[in-house]
Amino acid sequence: MLYEISIETKELCQVVDITNEVQRLVYRSKVKHGIAVVFTHHTTTGLFINEYEPGLIEDIKAKMAELVPREGSYAHDRIDRNAHAHIKASIFLNPEVVVPIDQAELHLGTWQRILFVELDGPRHRKVYVMICPCPEMPEE
């Protein structure tokens, strides 16, 4: 089952917690055991799993900006002026994350959240969630 999440970003670099939306889709799917594959179609966005604590998010954004500044001598900037966003997405993020589903719940750690990262906003973005059931394992 493939689902879509729409995200309206408001900043050039923004981190959005999409965990609750993904969990709602798991409930909607009625899948008890399986995996949720979360995927972004956009090359200047990415996904990761980590704690969604404001200080940590600011630290991550600041370190990415320090290591790959917006202004630089990037060849791609002759086309779109967003090379920094492509580079950050390639180095620091993934286009997908995979989370196990157990008892119809995302099997995340206590502080883990599914985080969408905008690197070239503000924009309208879409994230796709494929929820795949696994067959029940027989009891031993």
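**View 1. Buried residues of helix α3 in the predicted model.** In helix α3, the residues A83, H84, A85, K88 and A89 are buried, as seen in this model, which is predicted. The cover over the buried residues of α3 includes strand β4, residues 45-50, and helix α2, residues 54-67.

**View 2. The salt bridge between K126 and E4.** Side chains of opposite charge can pair when their charged atoms come close. Here the side chains of K126 and E4 meet in a salt bridge, with a distance of 3.7 Å from N to O. Because K126 lies in strand β8 (residues 124-133) and E4 in strand β1 (residues 2-8), the pair ties together parts that are 122 residues apart in sequence. K126 is partly exposed, with a relative accessible area of 28%, and E4 is likewise partly exposed, at 41%.

**View 3. The salt bridge between E66 and K63 within helix α2.** The closest N and O atoms of E66 and K63 are 3.1 Å apart, and the two residues form a salt bridge. Both residues lie in helix α2, where they are three residues apart and therefore separated by about one helical turn. An α-helix has 3.6 residues a turn, so residues three or four places apart point the same way. E66 counts as exposed, because its relative accessibility is 53%, whereas K63 is partly exposed, with a relative accessible area of 41%.

**View 4. The salt bridge between R123 and D120.** The side chains of R123 and D120 meet in a salt bridge, with 2.7 Å from N to O. The two partners fall into separate accessibility classes: R123 counts as partly exposed, at 38% relative accessibility, while D120 is buried, because its relative accessible area is 10% and buried means under 20%.

**View 5. A network of salt bridges formed by E11, E58 and K61.** In this view the residues E11, E58 and K61 are linked in a network of salt bridges. For the model as a whole, the count of salt bridges comes to nine.

Terms used
Residues are numbered from 1 along each chain as its sequence is written. This is a predicted model: local features need pLDDT of at least 70, side-chain atom pairs count only at pLDDT 80 or more; totals for chains, interfaces and linings use all residues. Side-chain values use heavy atoms; hydrogens and water are left out. Buried means under 20% relative accessible area, exposed over 50%, partly exposed in between (1.4 Å probe, protein chains only). Helices (H or I, at least four residues) and strands (E, at least two) are DSSP runs, numbered from the N terminus. Contact means heavy atoms within 4.5 Å. A salt bridge is a side-chain nitrogen of Lys or Arg within 4 Å of a carboxyl oxygen of Asp or Glu.
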